[in-house]
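Visitor: Hi, I have this one open on my screen and would like a quick tour. Could you walk me through it?

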Amino acid sequence: MREILNKIYTNKYTNLEWNFIKIIFITLWIILASMVLNSYQTIPMPQGICKLIPCELFLDGYTKYALILVIIIASLFYILEIKQIYTCLVIFIISTLLFTIEESNGILNRNSLFTFVFFAQFLAYLLYHYDSKSNIKKNRIQFSVQVIAAGYTLSALSKLFHSGIFWIHDGKRITLQILKSFYTVYVTDGDTKWVSKAENMVAFIENHPLIVSFLLGTSLFLELFALLSIKNKKSALVYGLLLILMHLGIYIVMDIAIVSILIPMLLFMVNPLYIIWVILKSFYKKLAMCYPKFNFSKTN
């Protein structure tokens with residue numbers, strides 16, 4: 001157990017950790033990018049850069065196929081660590097374009113966090129290019145953690161700015177958002193279970209105001225002080241675990257899961273697949289010591 005903790009609860013980042021993070025992260029980004037390219041053909045409500053350039057060009061014809069080719073090449077370069085300064089910058093630009101197209105269609109999935117993580121990694125590699133003494137193993141992950149933590153903090157400040165500290169007592173207002181979300185799904189697929197689920201969720205919130213206030217207050221506190229996670233790897237891990245509990249509580253009580261924020265936080269702060277790998281590897285070593293026939297690393 002101590003060996004496992006020494007590898008997980010440490011301030012040193014390894015290349016293996018980074019490999020787990022980057023492969024999963026770029027894979028999820030490709031999925032999100034594909035969904036945008038397959039879902040939209042027009043720009044009905046131009047936002048951001050779509051007000052400056054005709055984004056429709058990237059949704060049809062040879063331009064679309066060229067963009068897909070660039071996405072594939074850039075993703076391979078990202079995984080293989082080829083020209084990472086330019087690769088991260090290209091992915092950042094493409095990500096900005098695609099998620100702006102999504103928002104220009106009235107969809108707000110908060111996928112912009114993916115975009116800014118790539119920009120943070122671009123800065124980390126750029127710093128390493130001009131200062132080889134900088135710790136790239138740490139910075140490419142830690143810079144990403146800083147962006148994620150800043151996102152949580154800004155969310156908390158926005159709540160305080162618009163509603164004040166009494167936001168935590170406004171649980172009943174959340175019922176409107178819950179009804180909107182569930183009824184949107186109901187209108188989409190016509191399944192009445194979503195109507196029943198919405199009514200049950202609203203009833204729970206109205207009947208348990210203290211539980212809801214506690215959950216909202218805890219969430220606000222964790223978001224407001226999320227920058228505590230950027231001190232080092234250990235603080236990121238501990239704070240990441242707390243944020244997981246927060247998201248889990250929100251999902252259980254309100255059935256709300258902001259995946260586009262949860263996934264980057266989970267990968268860069270906690271890196272669960274790496275933890276699982278360390279645990280399994282440790283158990284395998286012990287198994288090989290007790291039963292030599294399981295030690296496949298030895299050759300006859």
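**The disulfide and beyond**

Guide: Happy to! Cys50 and Cys55 form a disulfide, and their sulfur atoms are 2.3 Å apart. Keep in mind that this is a predicted model.

Visitor: How many disulfides does a search of the whole structure find?

Guide: The search finds 1 disulfide.

Visitor: And which hand does the link of Cys50 and Cys55 have?

Guide: The link is left-handed, with -105° about the S-S bond.

Visitor: Is Cys50 buried or exposed?

Guide: Cys50 counts as buried, because its relative accessibility is 8% and the cut-off for buried is under 20%. Cys88 is another buried cysteine, with a relative accessible area of 0%.

Visitor: Okay, switching to helices. At what angle do H5 and H6 pack?

Guide: Helix H5, residues 112-130, and helix H6, residues 136-163, pack at about 145°, and their axes are 8 Å apart. The crossing of H5 and H6 is right-handed.

Visitor: Which residues make that contact?

Guide: On the H5 side they include Leu113, Phe116, Val117, Ala120 and Gln121. On the H6 side, Ile136, Asn139, Arg140 and Phe143 are among them. By class, the contact of H5 with H6 has 13 nonpolar, 3 polar and 1 charged residues.

Visitor: What about the largest nonpolar core, which residues touch the most other members?

Guide: Those are Trp29, Ile101, Met254, Phe268 and Met269, in a core of 78 residues. Helix H2, residues 15-39, gives the largest share of this core, with 10 residues. As background, nonpolar side chains tend to be buried together in soluble globular proteins.

Visitor: Let me zoom in on Phe268. What does Phe268 touch?

Guide: Not counting residues up to four places away in sequence, Phe268 touches Trp18, Ile21, Phe25, Val117, Gln121, Ile141, Ser144, Val145 and Ile148. Val117 and Gln121 also belong to the H5 side of the helix contact you asked about, and Ser144 and Ile148 to the H6 side.

Visitor: Nice link. New topic: what is the phi of Glu81?

Guide: Glu81 has a positive phi of about 60°, although Glu81 is not a glycine. You will find Glu81 in the loop between helix H3 (61-80) and helix H4 (84-103). Glu81 counts as partly exposed, at 30% relative accessibility.

Visitor: And where does Asn271 lie?

Guide: Asn271 lies in the loop between helix H11 (259-270) and helix H12 (272-290). Asn271 has a positive phi of about 55° and is not a glycine. Asn271 is buried, with a relative accessible area of 5%.

Visitor: Where is Ser219, and what is Ser219 in contact with?

Guide: Ser219 is in helix H9, residues 209-224. Setting aside neighbours within four places in sequence, Ser219 is in contact with Met246 and Ile250. At 5% relative accessibility, Ser219 counts as buried.

Key
Residues are numbered from 1 along each chain as its sequence is written. This is a predicted model: local features need pLDDT of at least 70, side-chain atom pairs count only at pLDDT 80 or more; totals for chains, interfaces and linings use all residues. Side-chain values use heavy atoms; hydrogens and water are left out. Axes are lines fitted to C-alpha atoms, for helices over the stretch in contact, and angles run from 0 to 180 degrees between N-to-C directions. Helices (H or I, at least four residues) and strands (E, at least two) are DSSP runs, numbered from the N terminus. A crossing is left-handed if the near helix is turned anticlockwise from the far one by less than a right angle, and right-handed if clockwise. Contact means heavy atoms within 4.5 Å. Ala, Val, Leu, Ile, Met, Phe, Trp, Tyr, Cys and Pro count as nonpolar, Asp, Glu, Lys and Arg as charged, and the others, Gly among them, as polar. A disulfide is a pair of cysteine sulfur atoms within 2.5 Å. Buried means under 20% relative accessible area, exposed over 50%, partly exposed in between (1.4 Å probe, protein chains only). A nonpolar core is a set of buried Ala, Val, Leu, Ile, Met, Phe, Trp, Tyr and Cys residues joined through side-chain atoms within 4.5 Å.
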